[in-house]
Amino acid sequence: MSMVLNIFEHIAREHREMEAMLQKLSDGFDRSTFDKLDISLQAHMMAEERTLYPAIKSGAEDMVERAQEDHDIMRELLEDLESGVEYSETISELVEIIRDHVRDEEEDMFPTAREMLDPGRIEELSQRFNEIDERIVQRSW
Ligand SMILES: [Fe+2]
């Protein structure tokens with residue numbers, strides 16, 4: 001029996017953590033929250049791009065491509081936030097794109113993926129997601 005969190009629950013849990021950090025950053029810039037969001041979001045996106053996205057791409061290409069495009073925009077917005085220019089506009093954009101992206105993943109992508117993937121594959125992806133995510137976060141601190 002595995003001690004690793006199921007990939008869908010793991011991703012959803014990280015979404016909730018990010019939403020809390022974004023809420024805090026919406027009130028104004030604060031370095032430690034920003035750094036934490038930056039590191040967790042970068043790790044989260046990379047882990048998804050190396051596990052869930054390729055696993056379902058053949059059957060859900062449009063969905064994966066759109067999610068990938070969202071990630072690219074999110075990376076640009078994180079860079080813009082770091083520069084501090086037009087902070088409140090940029091944080092609002094980030095909050096909005098993450099809200100839509102999270103909804104797409106949790107309401108459309110996850111149900112699709114659960115249908116496409118067998119339990120063994122989900123288990124394997126869950127392990128891998130956990131490894132990538134933890135490795136990046138640990139290296140960054
Ligand atoms: Fe994502």
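Predicted model: local features only at pLDDT ≥ 70, side-chain atom pairs only at ≥ 80, totals over all residues.

Tutor: A nonpolar core is a set of buried Ala, Val, Leu, Ile, Met, Phe, Trp, Tyr and Cys residues joined through C-beta atoms within 7 Å. Buried means that 20 or more other C-beta atoms lie within 10 Å of a residue's own, while 12 or fewer make it exposed and anything in between makes it partly exposed, with the C-beta atoms placed from the backbone. Residues are numbered from 1 along each chain as its sequence is written.

The largest nonpolar core has 15 residues, and the ones with the most contacts inside it are Ile-7, Leu-52, Tyr-53, Ile-56 and Leu-125. Two or more residues of this core come from each of the helices H1 (7-26), H2, H3 (52-56), H4, H5 (87-116) and H6 (119-140), where helices (H or I, at least four residues) are DSSP runs numbered from the N terminus. H3 gives the most to this core, namely four residues.

Let us stay with H3 for a moment. Leu-52 lies in this helix, and Leu-52 is buried because 25 C-beta neighbours lie inside 10 Å. Once its neighbours within four places in sequence are left aside, Leu-52 is in contact with Ile-7, Ala-113 and Leu-125, contact meaning that the C-beta atoms, placed from the backbone, lie within 7 Å. As general background, nonpolar side chains in soluble globular proteins tend to be buried together.

Two packed helices are described by the angle between their axes and the distance between the axes; here the axes are lines fitted to C-alpha atoms, for helices over the stretch in contact, and angles run from 0 to 180 degrees between N-to-C directions. H1 and H5 have axes that come within 11 Å and cross at roughly 160 degrees, and the two helices are therefore roughly antiparallel to each other, a term for angles over 145 degrees. Their contact is made by residues including Phe-8, Ile-11, His-15 and Leu-22 of H1 and Ile-91, Ile-98, Glu-105 and Phe-110 of H5. By class, this contact of H1 with H5 has twelve nonpolar, two polar and two charged residues, where Ala, Val, Leu, Ile, Met, Phe, Trp, Tyr, Cys and Pro count as nonpolar, Asp, Glu, Lys and Arg as charged, and the others, Gly among them, as polar.

H4 (residues 61-83) packs against H2 (residues 31-50) at an angle of about 160 degrees, with the axes 11 Å apart, which means that H2 is roughly antiparallel to H4. On the H2 side this contact is made by Phe-34, Asp-38, Leu-41, Met-45 and Glu-49, and on the H4 side by His-71, Met-74, Leu-78 and Leu-81. These divide into six nonpolar, one polar and two charged residues. H4 also meets H5, as their axes come within 10 Å and cross at roughly 155 degrees, so H4 is roughly antiparallel to H5. The contact of H4 with H5 has twelve nonpolar, three polar and six charged residues.

Finally, consider the loops between these helices. Phe-29 is found in the loop between H1 and H2 and counts as partly exposed because it has 13 C-beta neighbours inside 10 Å. Leaving aside neighbours within four places in sequence, Phe-29 is in contact with Phe-34, Gly-84 and Tyr-87; the C-alpha atoms of Phe-29 and Tyr-87 are 7.8 Å apart, although 58 residues separate them along the chain. Gly-59, in the loop between H3 and H4, is likewise partly exposed because of its 13 C-beta neighbours inside 10 Å. Glu-86 lies in the loop between H4 and H5 and is exposed, since 12 other C-beta atoms lie within 10 Å. Most residues other than glycine have a negative phi, whereas phi of Glu-86 is positive, near 50 degrees.

Methods:
Parallel < 35°, antiparallel > 145°, perpendicular 65-115°, else oblique. Contact = placed C-beta atoms within 7 Å.
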